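Hi,

Here is the structure I promised to pass along. Have a look first, and my notes follow below.

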Amino acid sequence: MDATTHPPETHHHDEHGHEHHELGFWRKYVFSTDHKVIGIWYGISGLIFLLFGFSLMMIMRWQLAYPGTALPVIGNALGHLFGPGSMPDGKMTPEFYNSLGAMHGTIMIFAGIVPLAFAAFGNFVVPLQIGAPDMTFPKVNAASYWAFFVGGVIMLVSFFVPGGAAKGGWTSYTPLSVIADSGPNFNPFFNGQTLWLTGFIFLITSSLLGAINFITTIIQLRAPGLTWMRLPFFVWAQFVTAFLLVLAFPPLEAAIIMQLMDRTASTSFFMPAGMVVNGAPMHISGGGSPLLWQHLFWFLGHPEVYVLILPAMGIVAEVIANNSRKPLWGYKSLVFAALVLGFLSFVVWAHHMWLTGMGSAVSAFFQTTTLIISIPSVIILSAFFISLWGGSIRFNTPMLFATAFLPMFGIGGLTGIPLAFNSADLYLHDTYYVIAHFHYIVAPGTIFGLFAGIYYWFPKATGRMMNEFWGKVHFWPSLICMNVIFLPMFLQGMLGMHRRWYDGGQGWGVAADHVWGLTGFQWNTPISIAAWIMGLAQIPFIINFFYSIWKGKKVENDNPWDATTLEWTAPSPPGHGNFLKPPIAYRGPYEYSLPRRGKDYTMQNEPIEASELATAHSARVPVLH
Amino acid sequence: MEIPYTVSARRDTGLWNAKVGIWLFLASEVMLFGGLFSAYIFLRLDAASGEWPHGLLNVPVGTMNTAILIASSVTVVLAWAALKMRDLTRYKIYMMLTILCGVIFLVVKLSYEWPQKFDHFGAFIKEDALGKYEQYLGNKHLLEKGLPPRKEITGHLHNHEALTDPNIKDYEIALDPVNADPTNPAMDRPHFWPIPATDKIATIEKEDVQYANMFLPKHSAYFASYFTITGLHGAHVLGGVLVFCYMMLPASFRLYRHNPEHLANRVEVAGLFWHFVDLVWIFVFPLFYLL
Amino acid sequence: MNNPPDISPVDHETEEYAHEVRRHVRGYLMVGGTLLLFTLITVGLSYVDFGVLFSHLFHVNMSEASGRKANVTVALLVATFKAGLVAAIFMHLSAEKRLIYRVLVFTGFFVLGLFWLTFLAWYDPVHR
């Protein structure tokens with residue numbers, strides 16, 4: 001793809017007097033240290049993992065709708081692909097069902113969303129939006145991609161070792177995860193759970209390196225005049241996300257090291273005394289605590305969910321401002337809400353542990369902080385809604401996805417409130433209600449935000465537009481299917497249907513109760529059908545994406561959306577070093593609805609004119625360094 | 001294409017890039033070791049009375065290793081100062097000393113401390129069999145003094161085959177002084193100088209043993225924590241030593257000739273990492289060796 | 001991008017700065033000595049039986065468990081002091097910029113939160 005081909009005007013490099021050597025194919029496209037190339041690599045890899053993780057779920061949905069029956073057409077082939085323990089005669093084994101569940105979660109979150117939302121969009125857009133030539137540490141940037149790559153590959157490989165991939169949930173709760181995948185039928189190191197742990201260490205390393213790069217870049221490489229409160233909200237969102245990754249991931253890394261020790265060196269970090277497995281007492285010292293794993297896991301786990309949502313919120317902010325042709329409402333509130341959200345996210349984690357027997361004092365603490373953290377989320381969502389008011393809204397494909405994000409995230413967020421109370425959670429914990437809650441936030445929430453971002457920044461990366469018609473063909477079925485999939489899950493959860501039931505609830509009494517005309521179990525069928533249709537609805541997107549790279553309609557200028565932020569002043573696609581002239585920011589990021597010079601917007605790098613100094617609006621003199 | 005602020009500071013933040021980067025990295029390391037320390041706290045608080053051992057590590061050697069690491073912290077900052085003063089010879093001397101100290105630290109740990117532990121044996125006696133081994137545990141004496149009970153018999157295992165052969169029914173141990181003479185008041189608290197195992201042999205029946213093993217990570221939550229934290233810390237020491245070696249390679253001296261401040265900055269950043277490693281050890285040493 | 005080449009300052013600026021650094025060298029050596037001394041102090045204090053000591057000094061009966069807790073507290077205080085010296089002097093934190101302080105303050109807050117809340121969850125279980 002053409003992301004880093006040098007634009008025709010490369011002579012400016014020689015003016016600088018430093019060597020400009022033509023990099024070979026491998027250095028330019030594969031082992032590049034250019035943030036745009038790395039961003040695109042992260043993007044493509046993330047999308048592939050998202051597709052893979054989603055496919056795992058589509059397979060699971062057959063089992064949930066028609067438990068115990070053979071998956072038609074591809075069932076036998078899958079059984080051969082994933083080994084003898086997976087789908088003999090096309091019928092799913094419980095172990096394989098558990099592997100699919102655990103890996104769906106793990107891959108979607110850590111190999112799909114985080115690389116795409118944080119690393120891909122962040123890498124490509126942030127340096128351009130702040131007027132920087134690249135990230136502060138380009139080699140570290142490349143290293144972070146390759147660490148992610150290795151981690152992702154290890155996760156994939158884990159499907160094909162004896163015993164199959166990890167089965168203990170994406171949360172890998174101990175002591176089950178310590179005793180899982182061990183014994184005579186398993187390799188002591190190349191088994192699903194140990195590979196999961198190992199792959200995770202690479203993924204964490206990748207995120208840490210990337211996050212350090214982002215924070216340093218945003219602090220140090222902002223263009224002259226680009227003060228903190230002139231940053232696009234997308235940059236603020238990535239900044240907070242990076243801090244969450246830097247500070248929250250390491251305790252989980254420590255816990256993973258300890259679980260690896262428990263599995264490979266027979267230590268008892270998480271193993272209590274007196275454990276009996278398959279009738280035989282375990283020959284371990286004991287003295288460990290299973291709860292310790294949960295604390296360290298969720299210490300990351302909660303900030304992680306804000307890692308998943310913040311970049312998408314940032315994208316939605318950019319797309320809404322651009323397509324309503326007015327400034328974002330409440331910029332300062334948005335920034336402070338994002339900062340407070342990041343801060344509070346570190347002290348709410350035990351709301352994932354309401355059923356572990358915590359007393360009233362500690363529970364009261366976490367309930368209070370959990371409820372308080374809903375406030376900044378509401379502020380952000382409200383600011384977005386209010387931003388639409390009175391705008392001249394253009395419903396192009398990015399805007400469709402961005403506006404759909406708003407009610408979808410609203411549903412996801414509001415349905416989290418009952419879960420914040422340990423009393424209500426006593427009933428709802430581990431039911432489909434929880435699945436519906438978090439999927440509403442991540443699936444029609446974050447992923448729609450990411451789709452908006454792809455359609456929006458595609459012309460900057462490639463110099464071509466994605467097709468609008470097929471964009472809408474992608475959007476509408478996706479939106480409808482998302483709701484058909486996840487809305488009934490709230491009802492299933494309230495009936496009492498549990499997560500991770502391999503037979504979809506067929507054998508359980510609560511699933512035989514009726515809700516909205518069908519039994520809880522019967523709802524699995526329309527949900528599964530909607531999931532498969534949603535899979536089909538992604539095909540136009542995939543084709544549109546690749547087709548448009550080479551054959552999409554070429555942009556007429558570098559700023560096809562008439563946007564204000566600095567990335568649109570660079571060529572489409574930008575060359576090595578990004579900007580033909582180093583940008584200087586004179587204004588805030590959302591100067592829309594101010595008619596000047598025949599346009600309804602003013603870009604951030606347009607100097608202040610004398611006529612403007614009379615008005616209070618953009619009268620700030622640039623702060624140059 | 002030049003990335004600005006790699007050597008000189010940006011005016012509004014007052015910092016050059018790598019300095020911001022290394023402090024962020026150190027923040028993540030604080031959280032990493034913090035996770036391990038929180039595990040230590042959790043496991044130690046959760047341990048029943050008498051189940052968290054004391055006095056099993058060699059304090060004089062640990063103290064010496066601590067001193068070596070502190071010395072290396074001094075030498076690395078002197079190396080950086082020498083570079084800032086453009087004194088290349090002094091820089092080389094201090095950097096070599098730093099590397100030497102780091103290597104000594106690792107060698108002492110990996111070739112003496114750890115193997116010594118692997119060679120030592122401990123058997124936790126079952127709750128209901130504690131009375132049977134009173135002659136080695138001295139719990140009546142401890143109870144009178146208000147001290148926590150002893151539940152473990154330690155020393156040198158004579159019949160190693162007992163660990164793997166189910167047909168062998170007991171362990172033969174050359175007892176440590178604390179189990180050879182448990183009612184001696186001198187044995188109530190750990191000693192500074194390690195006292196070697198005695199010649200007194202005890203036979204412990206396997207059916208009375210809750211769990212027994214050499215002093216490996218799997219021996220107890222204590223040793224699991226000890227080996228994991230010191231192992232991870234040691235990996236960081238090794239990493240630091242390797243980076244310092246790179247600072248002594250021709251490539252670094254070439255950088256010094258053409259942009260000495262850049263090398264000084266690199267050494268400062270590596271030095272910050274090294275001081276953090278020292279800082280972690282300052283907490284590890286008392287928590288595991290002394291308390 | 002037209003950035004000036006990022007190289008070292010000129011020689012005479014270096015000399016003034018070098019003079020400053022020379023003054024700091026004595027400080028580094030003194031701090032190093034202090035750290036070694038306090039290492040010995042830590043070791044020594046760990047063998048003090050605070051239970052017995054407090055009973056003699058203040059004529060209060062201190063249990064063995066509380067004595068042990070006192071040992072832990074004292075050792076951690078000394079360790080914190082030593083760590084503070086390393087951070088402030090060797091890592092130049094006492095002269096560092098605001099931004100670094102802010103990052104570290106938040107880090108410290110979160111790691112202490114991790115310790116305290118995990119402890120609290122252990123300390124406060126549901127009572128049967």
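**What I found**

Starting with chain C: domain 1 and domain 2 of chain C have their C-alpha centres 23 Å apart. Domain 1 covers 19-96, and domain 2 takes in 97-128. Please keep in mind that this is a predicted model.

Chain C also touches chain B. On the chain C side, 49 residues take part, and they are in contact with 50 residues of chain B. Three helices of chain C each give two or more residues to that side: H1 (11-46), H3 (64-90) and H4 (98-123). Which element gives the most to it? That is H1(C), with 16 residues. As for the classes of residue on the side of chain C that touches chain B, 31 are nonpolar, 12 are polar and six are charged.

Now to chain A, which has 18 helices and eight strands. Its radius of gyration is 25 Å, close to the 25 Å that the globule rule gives for 625 residues, so chain A is as compact as a globular protein of that length. The C-alpha trace of chain A spans about 85 × 55 × 55 Å along its principal axes. In chain A, 57% of the 625 residues count as buried. Among the contacts in chain A with a separation of 6 or more, 79% are between residues 24 or more positions apart.

I hope this gives you a handy starting point as you look through the model.

Best wishes

Key: Residues numbered from 1 in each chain as written. Chains lettered and ligands numbered in written order. Predicted model: local features only at pLDDT ≥ 70, side-chain atom pairs only at ≥ 80, totals over all residues. Contact = placed C-beta atoms within 7 Å. Helix = DSSP H or I, 4+ residues; strand = E, 2+ residues; numbered from the N terminus. Nonpolar A, V, L, I, M, F, W, Y, C, P; charged D, E, K, R; others polar. Domains from an automatic or database assignment. Rg over C-alpha atoms; globule rule 2.2 N^0.38 Å. Buried ≥ 20, exposed ≤ 12 C-beta atoms within 10 Å, placed from the backbone.
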